[in-house]
Amino acid sequence: MTQHVLFVCLGNICRSPSAEGVARALSVCHDIEFDSAGTSDWHVNEPPYAPMQAAAKARGYDLSGLRARQFTSADFHQFDLIIGMDRDNCNGIEALRPPENDTPVRLFTDFAPETGMDHVPDPYYTRDFDQTLDLVEAASRGLLRDLT
């Protein structure tokens, strides 16, 4: 049975699309599908942020085909696991949880405790795209270990 995993950040132009792209690239299991979304509607239908795409491309990840979308309550019914990049994202996700829905919502860095980070910093603000990718790669590897 195919597992469906959704990565969520604020605008869906840096952290969550990079998580989607990295997880897809690292996954050797064809029974996992990945998607991404943002808690805001600021960038709907836009591609990932150009500097994020460039940093990802330098590591061999192509994000160019991805487009931002907003997280909705319907995502709780379409995904088996929803992963937020920080606690604010997780709170925004939980605010839309339908009654009696039990889809797990996890913090992405929970899958990479060795990093000592409790969130994935937003490179749109920090400008540290490599740090984001380092964390995304570590957490993706941990997630894939858990799922397979």
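Reader: In this model, which residue is the bridge partner of Leu6 in S3, and what makes S1 and S3 count as paired strands?

Author: The model is a predicted one, and in it Leu6 has Ile82 as its bridge partner in S3. Two strands pair if at least two bridges are found between them, and four bridges join S1 to strand S3, residues 81–84, so the pair meets that condition. The two strands run parallel.

Reader: How do you know that S1 is also paired with S2?

Author: The reasoning is that of the previous answer, with seven bridges joining S1 to strand S2, residues 32–38, where at least two are needed. These strands, too, run parallel, and Cys9 stands opposite Gly38 in S2. Together with helix H1, residues 15–26, S1 and S2 make a β-α-β unit that is right-handed.

Reader: Why is S1 called largely enclosed by the rest of the structure?

Author: Strand S1 covers residues 3–9, and five of its seven residues are buried, so the strand is described as largely enclosed by the rest of the structure.

Reader: How do you know how many disulfides the whole structure holds?

Author: A search of the whole structure finds zero disulfides. A disulfide requires two cysteine sulfur atoms within 2.5 Å, whereas the sulfur of Cys14 is 7.0 Å from the closest cysteine sulfur, that of Cys9, and is therefore too far for a bond. Cys90 is in no disulfide either, its nearest cysteine sulfur being that of Cys9, 12 Å away.

Reader: Why do Cys14 and Cys90 count as buried?

Author: The relative accessibility of Cys14 is 2% and that of Cys90 is 12%; each value is under 20%, so both residues count as buried.

Reader: What makes Trp42 exposed, and which residues form a nonpolar patch with it?

Author: Trp42 has a relative accessible area of 52%, and because this is over 50%, the residue is called exposed. Trp42 sits in the loop between S2 and helix H2, residues 50–58. With Tyr124 and Tyr125, Trp42 forms a nonpolar patch on the surface, and the accessible area of these residues together is about 380 Å².

Reader: Why is Asp35 called partly exposed?

Author: Asp35, which is placed in strand S2, has a relative accessible area of 24%, and this value falls between 20% and 50%, so Asp35 is partly exposed.

Reader: What makes the contact between Asp134 and Arg59 a salt bridge?

Author: The side chains of Asp134 and Arg59 meet at 2.8 Å, N to O, and a salt bridge requires such a nitrogen and a carboxyl oxygen within 4 Å, so the contact qualifies. The pair links distant parts of the chain, with Asp134 in helix H6, residues 129–147, and Arg59 in the loop between H2 and helix H3, residues 75–78, the two being 75 residues apart. Arg59 and Asp134 are also linked with Asp130 and Glu137 in a network of salt bridges.

Reader: How do you know that the contact of Asp110 with Arg106 also counts as a salt bridge?

Author: The distance between the side chains of Asp110 and Arg106 is 3.9 Å, N to O, and because the limit is 4 Å, this contact still counts. Glu94 and Arg97 form another salt bridge, with the closest N and O atoms 2.6 Å apart. By this rule the count for the structure comes to 10 salt bridges.

Terms used:
Residues numbered from 1 in each chain as written. Predicted model: local features only at pLDDT ≥ 70, side-chain atom pairs only at ≥ 80, totals over all residues. Heavy atoms only, no water. Buried < 20%, exposed > 50% of the residue type's maximum accessible area, 1.4 Å probe, protein only. Right-handed = clockwise from strand over helix to strand, strands pointing away. Patch = residues over 30% accessible without salt bridge, like charges linked within 9 Å, V, L, I, M, F, W, Y side chains within 5 Å. Areas by Shrake-Rupley, 256 points an atom, 1.4 Å probe, with all protein chains shown as cover.
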